[in-house]
Amino acid sequence: MKNKIKFPLYYFFISMALAPVLTTSCSKDDDNDSDSKVAAPTLSNASELMATSFKASWSKVDLADSYLIEVSTKADFSTSVTGYNKKSVTTNSTTISGLEGETKYYFRVYAKDGGDVSKASAAKDATTTKLIAGPVLKDATDIQNTSFKIEWSAITGADKYLVEVSTKSDFSSTVAGFNKKEVSELSAAVSGLTTKTKYYVRVYTKKGTDVSKPSPVKEITTS
């Protein structure tokens, strides 16, 4: 009988330690599943640039039933403009509003099919235009028991003016018919008022969808 070769026990543990170890890993895109079947949209340059808005458009994506639009003042989208943190849109364009004048914004879009969301499109940027100036109110004229007339300066480029009248200095409520009433002229007759009552008046300039900051307030007391 041949002699059996015996190995010390420590050889067993050394061989186990040297045995190859198999590992697996997986990664996922920070925003979306890399296995998404939906293609990312292609953004066009912003259009219809205004002081407080612009229009974003993108290519139609097969399979997509909606799109998610993200808007930020940060190039890395670390914060989002209110209302535009992946806002859902069913068409392939939308007007982004409620913005600040002379400000650069970044925007990008995702395509969505049910629960499947694409990677983000390449981002675009758009800088809003300068906000149109507000008018300057003149002193009221033709002050009566229940009415008075107001006038204001012309603003170049204005389409219309918005007149606001209130018995509250903070304009928390407004006189009926004068909650930013649209006026094409440079004056307005304010009627239907109460005698011996103090009213506060201010006017805005409107150009397209842009509305200026309000004029300085005038106080008028009916006779």
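Reply: Start with the labels. Helices (H or I, at least four residues) and strands (E, at least two) are DSSP runs, numbered from the N terminus. L63, for instance, sits in the loop between β1 and β2. Residues are numbered from 1 along each chain as its sequence is written, and side-chain values use heavy atoms, with hydrogens and water left out. This is a predicted model: local features need pLDDT of at least 70, side-chain atom pairs count only at pLDDT 80 or more, and totals for chains, interfaces and linings use all residues.

Me: Is L63 buried or exposed?
Reply: Buried means under 20% relative accessible area, exposed over 50%, and partly exposed in between (1.4 Å probe, protein chains only). L63 has 56%, so it counts as exposed.

Me: What is the phi of L63?
Reply: Most residues other than glycine have a negative phi. L63 has a positive one, near 80°. E48 also has a positive phi, about 50°, and is not a glycine. E48 lies in the loop between α1 (9-18) and β1 (54-57). Its relative accessibility is 53%, so E48 is exposed.

Me: Now charges. How many salt bridges are there?
Reply: Side chains of opposite charge can pair when their charged atoms come close. The rule for a salt bridge is a side-chain nitrogen of Lys or Arg within 4 Å of a carboxyl oxygen of Asp or Glu. The count is 7.

Me: Which residue forms a salt bridge with E70?
Reply: R108 does, with the closest N and O atoms 2.8 Å apart. The pair links distant parts of the chain: E70 is in strand β2 (residues 66-72), R108 in strand β5 (residues 104-113), and 38 residues separate them. E70 is buried because its relative accessibility is 5%. R108 has 15%, so it is buried too.

Me: What else does R108 do?
Reply: Look for a charge over a ring: NZ of Lys or CZ of Arg within 6 Å of the ring centre and within 35 degrees of the ring normal. R108 lies over the face of F77, 4.0 Å from the ring centre. Elsewhere, the charged end of K86 sits over the ring of Y110, 4.7 Å from its centre.

Me: Which residue pairs with K206 in a salt bridge?
Reply: E182, with the closest N and O atoms 2.8 Å apart. K206 belongs to strand β12 (residues 198-207) and E182 to strand β10 (residues 179-183), 24 residues apart. Salt bridges with shared partners join K160, E182 and K206 into one network. K206 is partly exposed at 23%, and E182 is partly exposed at 40%.

Me: On to rings. How many aromatic pairs are there?
Reply: A pair is described by the distance of the centres and the angle of the planes. Rings of Phe, Tyr and Trp (its six-membered ring) pair if their centres lie within 6.5 Å; planes under 30 degrees apart are stacked, over 60 edge-to-face, and the rest tilted. The whole structure holds 4. One of them is F148 with Y199, tilted, at 6.3 Å centre to centre and 55° between planes. W152 and Y161 form another tilted pair, 5.8 Å between centres and 55° between planes.

Me: Which residues does V163 touch?
Reply: Contact means heavy atoms within 4.5 Å. Beyond its neighbours within four places in sequence, V163 contacts residues including I150, W152, F178 and V203. V163 lies in strand β9 (residues 160-166). Its relative accessible area is 0%, so V163 is buried.
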